[in-house]
Amino acid sequence: MTTNPAHTALWPAPLASGAVDATVQVPGSKSVTNRALVLAALAAEPGWLRRPLRSRDTLLMAGALRELGVGIEETVSSSSSVAGGPDGSGEAWRVIPSGLQGPATVDVGNAGTVMRFLPPVASLADGPIRFDGDPRSYERPLHGVIDALRALGARIDDEGRGALPLTVHGGGALEGGPVEIDASSSSQFVSALLLSGPRFNQGVEVRHTGSALPSMPHIRMTVDMLRAVGAQVDTPESGGEPNVWRVTPGALLGRDITIEPDLSNAQPFLAAALITGGKVTIPDWPEHTTQPGDALRDIFTQMGGSCELTERGLQFTGSGSVHGIDVDLSEVGELTPGIAAVAALADSPSTLRGVAHLRLHETDRLAALTKEINGLGGDVTETADGLHIRPRKLHGGIFHTYDDHRMATAGAIIGLAVKDVQIENVATTAKTLPDFPDMWAAMLGTDRA
Ligand SMILES: O=C(O)C1=C[C@@H](OP(=O)(O)O)[C@@H](O)[C@H](O)C1
Ligand SMILES: C=C(OP(=O)(O)O)C(=O)O
């Protein structure tokens, strides 16, 4: 077996030499880009994505849709007709829907959005679609999507695993209708069924029957984006029953949408301002958004910073002190690694709650954070649904990432304040933020050294 040198390489996390003062242009949202790709592929006419995220997860999504026959043309242009950026430049993807066809093979990598959102799309295709991915993808929950699709009329061969790898034998159409699922292990089960729902003969009515549903903002993102392309969606918030979402069958419009910056990927940069008592501006921070990263304005303010949404973007300023926090992160679970990293450097203990489902993310994030922060001299314990973090003086060492992009950025945050932290496999940030090491150096001004 050969070892990929990128996976064993150690990246010396730069120590901040003082208060950071930077403007950081954060690339597009993974969650918005991958929903926009799916909706554009299912539309009745071509559409555009402006400023899409170009990272492993979104390229896997685009690659999979192309395998199914969808046209996706990438353009980088300075002409306003295909412009991406506010200045009239940037990247844009034109999506040209077509009849979905098998046989095809889809590599999901370790992208939750690809492994959950695409089996419903494949059930609409004509022919067999094989799904496979990274070893970790075999362990991540998928049963909710598989069972629901079968109940709605799909033929899926998973050899009894209830997980990847599997083959969806698309029949060209799916009956759809009402279905019950337990989505307590991932909100993406609900999003997956809703996104393809308008194309099912009867639409879909998803009823969540399990314990608490995590990541509600991501379900709101799905609903808002469906409505933006003309779908009719009834939700608990719009007067429907609790835990029930209904999508009416109908054609989707091809739209021209500009992807918001990824606010969860803004997290390490905001954390840098908080920890160093500096200032970071994130341009194009949306005034209204369903992205969970927007909660950082409140969470990092409680932890000692302050922020202002101005015409230039979100300006976040650290005060020089970092406080611990007691917070339920069930709605915004993907922010947990970055918050844990800041909490390890705070002046008082923290309790992070409501995130038991993180054990089934890219890695077991609760175990990984505990092991790696404690490996640097920290005092973190796992609880049934989160972490207790008691700050201690930390020392240098190797911070392992377990192929988890958010572990890598969490380690970089700690490395700002602790000498000689080395991140193993920083390249794993390519999942959602391929330029992270260069962006980090630019923020710190070390790229000009
Ligand atoms: O739908 C989405 O885009 C996501 C939903 C959440 O998943 P879970 O509900 O599985 O936590 C989140 O953690 C993930 O990063 C992205
Ligand atoms: C949980 C995450 O990703 P995924 O879409 O693979 O679930 C994440 O990005 O934090």
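Helix α12 (residues 365-375) has R365, L366, A368, L369, T370, E372 and I373 buried; a residue is buried if 20 or more other C-beta atoms, placed from the backbone, lie within 10 Å of its own, exposed if 12 or fewer, and partly exposed in between. This is a predicted model, in which local features need pLDDT of at least 70 and side-chain atom pairs count only at pLDDT 80 or more, while totals for chains, interfaces and linings use all residues. Residues are numbered from 1 along each chain as its sequence is written, and chains are lettered from A and ligands numbered from 1 in the order in which they are written.

Helices (H or I, at least four residues) and strands (E, at least two) are DSSP runs, numbered from the N terminus. An α-helix has 3.6 residues a turn, so residues three or four places apart point the same way. The buried residues of α12 pack against α11 (336-343), α13 (405-417) and the strands β20 (379-382), β21 (387-390) and β22 (397-399). Just after α12, G377 has a positive phi of about 100°.

The domain assignment, automatic or from a database, gives domain 1 (5-27 + 261-448) and domain 2 (30-258). Their C-alpha centres are 29 Å apart. Contact (C-beta atoms, placed from the backbone, within 7 Å) joins 18 residues of domain 1 to 21 residues of domain 2.

Residues count as around a ligand if their C-beta atom, placed from the backbone, lies within 6 Å of it. Ligand 1 has 13 such residues, and the closest are S31, S186, S187, S215 and H218. Helices α4 (112-122) and α7 (188-196) each give two or more residues to this shell. Both domains contribute to the shell, so ligand 1 lies between them.

Around ligand 2 are A111, G112, T113, E334, H361, E362, R406 and T432. Each domain supplies at least three residues of this shell.

In the table, Ala, Val, Leu, Ile, Met, Phe, Trp, Tyr, Cys and Pro count as nonpolar, Asp, Glu, Lys and Arg as charged, and the others, Gly among them, as polar.

| Shell | Nonpolar | Polar | Charged |
|---|---|---|---|
| Ligand 1 | one residue | eleven residues | one residue |

S31 is in helix α2 (residues 30-41). S31 counts as buried because 32 other C-beta atoms lie within 10 Å. Leaving out residues up to four places away in sequence, S31 touches T113, H218, M221 and Q291. H361 lies in the loop between β19 (350-353) and α12, and H361 is buried, with 23 other C-beta atoms within 10 Å.

How values were computed:
Two residues are in contact if their C-beta atoms, placed from the backbone, lie within 7 Å.
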